[in-house]
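Here is a short briefing to read alongside the model. Have a look at the fold, and then we can go through it topic by topic.

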Amino acid sequence: MTREPERFSETKFFEFEMEKMIMAQRSNKIVVPEAKAAMEQFKMQAANEVGVQLNQGYNGQLTSREAGSIGGQMVKKMIESYENNLSAK
């Protein structure tokens, strides 16, 4: 007697498709190409604020802690800016 292959339930299928979409959206690409220079400047400013020396271009020598502190500072500044915009309305 052969077993019929197990089928995805609709819920499992939906979860699987959502995970594929999320994975496809993860990238370091800038959504608005015209903003690339401004984002580079923002990154350099954040690095300076947390005391990390960045070079123009590739920075593969950074530790995870250094890279994380730069990213964290950028997020902190973006949230601060958003909150200021909300309070101004």
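In what order do the elements of the chain run from the N terminus on? They run α-α-α, and the chain has 3 helices and 0 strands. Helices (H or I, at least four residues) and strands (E, at least two) are DSSP runs, numbered from the N terminus.

Please keep in mind that this is a predicted model, in which local features need pLDDT of at least 70, side-chain atom pairs count only at pLDDT 80 or more, and totals for chains, interfaces and linings use all residues. Residues are numbered from 1 along each chain as its sequence is written, and side-chain values use heavy atoms, with hydrogens and water left out.

**The chain overall**
- Of its 89 residues, 10% count as buried, where buried means under 20% relative accessible area, exposed over 50% and partly exposed in between (1.4 Å probe, protein chains only).
- The accessible surface of the chain is about 8300 Å², with 55% of it belonging to carbon and sulfur atoms; the areas come from the Shrake-Rupley method with a 1.4 Å probe, and for residues only the protein chains shown count as cover.
- Among contacts (heavy atoms within 4.5 Å) between residues at least 6 apart in sequence, 35% join residues at least 24 apart.

**How H2 meets H3**
- H2 and H3 pack at an angle of about 110 degrees, and their axes are 8 Å apart; axes are lines fitted to C-alpha atoms, for helices over the stretch in contact, and angles run from 0 to 180 degrees between N-to-C directions.
- H2 is therefore roughly perpendicular to H3, a label for angles of 65 to 115 degrees.
- Met39, Phe42, Lys43, Ala46, Ala47 and Glu49 of H2 make the contact with Ile70, Gln73, Met74, Lys77 and Met78 of H3.
- Gln73, in helix H3, counts as buried at 13% relative accessibility.
- Leaving aside neighbours within four places in sequence, Gln73 is in contact with Ala46, Glu49 and Val50.

- Val52 touches Ala47, Leu62, Glu66, Ser69 and Ile70, not counting residues up to four places away in sequence.

**A buried loop residue**
- Asn59 sits in the loop between helix H2 (36-49) and helix H3 (64-88), and is buried with a relative accessible area of 14%.
- The side chain of Asn59 reaches the backbone nitrogen of Asn55 at 2.8 Å.

Technical notes. Polar contact = N/O pair within 3.5 Å; in protein donor to acceptor, adjacent residues only side chain to side chain. Parallel < 35°, antiparallel > 145°, perpendicular 65-115°, else oblique.
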